[in-house]
Amino acid sequence: MLKDILYKVNIREVYGDTAIVIESLETDSRKVTPGTCFLALKGTLSDGHDFIDAAIEKGAVAIVCERIPETLQPGVTYIAVADSAVAAGIISHNFFGEPSSRLKIVGVTGTNGKTTIATLLWKLFTGLGYKCGLISTVQNQIGEQVLPSTHTTPDAIRLNELLKKMADQGCEYAFMECSSHAIHQNRIAGIDFSAAVFSNITHDHLD
């Protein structure tokens, strides 16, 4: 239910019923299906708040946003939060059953070496007999199963969905690259890390 996936979210206002079933999460209004909770995020090129009505037209039953629209649609629950990106991470973690609590997750960040370090750790622990997951720029892996990678660090929804698959398939460890953009955009919000690796910082990231 909506009220369950809002656990630990910094909520400012609620309009509507939180005792409703949520079938899916989405940040892209074009991908919304009936029963979706639409997470309105502020991007560098667009603002999800501008697409709230489009999401509702496609079947969104709940809206998580920083600004409540002036006109509220009947039958839709609106949740105003302090930070939509942070809320999206926590909500995604809750929606997929808190997968990071079932894994030992090691995040790797820094300007250079993230892919190498994460991959070497995956190979080392796999060689020691552990079933492990890998999230990297080159590819994602669940044990020996290779999955395509679209970003160094996926968005919060896709990230937690991937972590759930790892946990469900018996992985004990997950090694993941955490890009500076992902950290800054709060894509990893809500994830419980067991360890972190910082490789270095060079001129690329002095801003």
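This is a predicted model: local features need pLDDT of at least 70, side-chain atom pairs count only at pLDDT 80 or more; totals for chains, interfaces and linings use all residues.
I started with strand E1, residues 11–15, and looked for its pairing with E5. Four bridges join the two strands, and they run antiparallel.

Next I checked E5 against E4. Four bridges join these strands too, but here the run is parallel. Val64 stands opposite Ile79 of E5.

Then I asked how many residues of E5 are buried. Five of its five are, and I logged the strand as mostly covered. In a regular strand the side chains alternate between the two faces of the sheet.

I moved on to the largest nonpolar core. It holds 19 residues. Among those with the most contacts inside it are Leu2, Cys37, Val64 and Ile91. Which elements give two or more residues to this core? I listed helix H1 (2–5), strands E3 (36–39), E4 (62–65) and E5 (77–81), and helix H3 (84–95). H3 supplies the largest share, four residues.

Leaving out residues up to four places away in sequence, Cys37 touches Leu2, Ile22, Ser24, Leu25, Glu26, Ala62 and Val64.

Last, I found a second, separate core of 16 residues. Ile105, Leu162, Met166 and Ala167 are included in it.

Methods: Residues are numbered from 1 along each chain as its sequence is written. Side-chain values use heavy atoms; hydrogens and water are left out. A nonpolar core is a set of buried Ala, Val, Leu, Ile, Met, Phe, Trp, Tyr and Cys residues joined through side-chain atoms within 4.5 Å. Buried means under 20% relative accessible area, exposed over 50%, partly exposed in between (1.4 Å probe, protein chains only). Contact means heavy atoms within 4.5 Å. Two strands pair if DSSP finds at least two bridges between them.
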